[in-house]
Amino acid sequence: MTTQLTLRGVSKSYADHPVLDAISAAIRPGETVGAAIELALAELRDLDSGMHAAAQAQDMNRYGELLARFEARDGYAADARVDASMHGLGVAGIGRDRPLESLSGGERARLGLACLLAASPEVLLLDEPTNHLDETALTWLENRLRTHQGTVVLVSHDRIFLDRVVTAIIEVADGALTRFGGGYTGFLTEKAATRIRWEQAYAQWRSEIGRLEEFATSTAKQVAPGRAMTDNNKMAYDRNAGRVQSSVASRVRNTAERLRRLREDPVPRPPEPLRFRGRFTAVSHDRALRRRFRGIQKGIDDVA
């Protein structure tokens with residue numbers, strides 16, 4: 001397959017904000033379905049060819065290395081996976097000689113997903129893989145991903161799909177990554193617990209600030225300075241008063257230091273929870289689309 005446009009090491013920034021960093025890409029002309037499948041299996045084909053070459057050269061070390069990589073990706077079943085994936089995703093009826101440009105957007109998306117699953121890479125990166133799938137294809141994809149031998153990293157708005165497939169959720173927020181176990185339900189449970197702990201910590205911080213401020217501004221100043229002499233012993237009175245005032249001053253200083261530390265390391269106020277009004281109504285007769293609407297509504301209910 002020839003290349004019409006190639007990009008190598010392209011970088012782009014807006015002021016100090018990089019958006020592309022040494023990106024390389026190749027844009028190829030529209031080909032056939034069969035060519036797309038062969039392109040997806042190219043690495044497995046290369047491993048197979050390398051094994052034959054190593055066997056002919058009697059290089060058993062090289063052969064063993066390639067065989068281990070080939071078998072780790074179940075290379076012998078690659079063609080069977082192509083048929084199974086295309087059938088499971090509803091594109092089995094598309095001829096291998098059909099031009100890609102003649103396919104609809106949904107057909108191309110499902111074909112691309114089928115090719116990726118057939119190649120069986122160690123790490124699968126999927127972006128909204130449930131788009132363009134009907135209920136049957138969704139069920140097949142869920143079962144296929146649950147049995148994948150490697151790692152699956154996916155982004156999806158389908159909460160039902162996430163709950164059925166994933167074992168961990170990675171949240172990207174406030175410039176950090178946070179991992180939650182237990183699938184989407186576990187994510188919601190832990191998020192709720194984290195929110196409660198945050199609210200409690202914030203309330204405790206505010207309460208402590210208020211208590212110390214009250215002590216520093218009023219309580220400490222009311223201790224002992226106006227106490228009258230009871231035995232006309234001015235020397236003893238002055239000595240005792242001095243000890244009291246010294247103690248009070250020390251407590252005030254300690255309070256001021258604790259206040260300073262608390263203010264330098266504040267507990268930020270938890271953001272207000274998102275609130276949505278109204279509900280979505282699924283009017284389509286497509287079961288997969290209705291399920292997707294339910295997933296969206298579930299997400300809205302979860303954060304409301």
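Tutor: Residues are numbered from 1 along each chain as its sequence is written, and side-chain values use heavy atoms, with hydrogens and water left out. Because the model is predicted, local features need pLDDT of at least 70 and side-chain atom pairs count only at pLDDT 80 or more, while totals for chains, interfaces and linings use all residues.

Student: Why does Arg81 count as buried?

Tutor: Buried means under 20% relative accessible area, exposed over 50%, and partly exposed in between (1.4 Å probe, protein chains only). Arg81 has 13% relative accessibility, so Arg81 counts as buried.

Student: Which residues are in contact with Arg81, leaving aside neighbours within four places in sequence?

Tutor: Contact means heavy atoms within 4.5 Å. Among the residues in contact with Arg81 are Leu44, Arg73, Asp74 and Arg144. Arg81 itself is found in helix α4 (residues 78-88); helices (H or I, at least four residues) are DSSP runs, numbered from the N terminus.

Student: What makes the contact of α1 with α5 nonpolar by class?

Tutor: Val33, Ala36, Ile37 and Ala40 in α1 meet Leu111, Cys115 and Ala119 in α5. Ala, Val, Leu, Ile, Met, Phe, Trp, Tyr, Cys and Pro count as nonpolar, Asp, Glu, Lys and Arg as charged, and the others, Gly among them, as polar. The contact of α1 with α5 therefore has seven nonpolar, no polar and no charged residues.

Student: Why is the pair Glu43 and Arg73 called a salt bridge?

Tutor: A salt bridge is a side-chain nitrogen of Lys or Arg within 4 Å of a carboxyl oxygen of Asp or Glu. For Glu43 and Arg73 the N to O value is 3.2 Å, so the pair meets the rule. Glu43 is in helix α2 (residues 42-56) and Arg73 in the loop between α3 (60-72) and α4, 30 residues apart.

Student: What makes Arg260 a partner of both Glu257 and Glu264?

Tutor: The closest N and O atoms of Arg260 and Glu257 are 2.5 Å apart, and the N to O value for Glu264 and Arg260 is 2.8 Å, so both pairs are salt bridges by the rule. Arg260 and Glu257 are three residues apart in helix α9 (residues 234-264), which means they are separated by about one helical turn. Glu257, Arg260, Arg261 and Glu264 are linked in a network of salt bridges.

Student: Why does Glu264 count as exposed?

Tutor: Glu264 has 57% relative accessibility, so Glu264 counts as exposed.

Definitions and conventions
Helix = DSSP H or I, 4+ residues; strand = E, 2+ residues; numbered from the N terminus.
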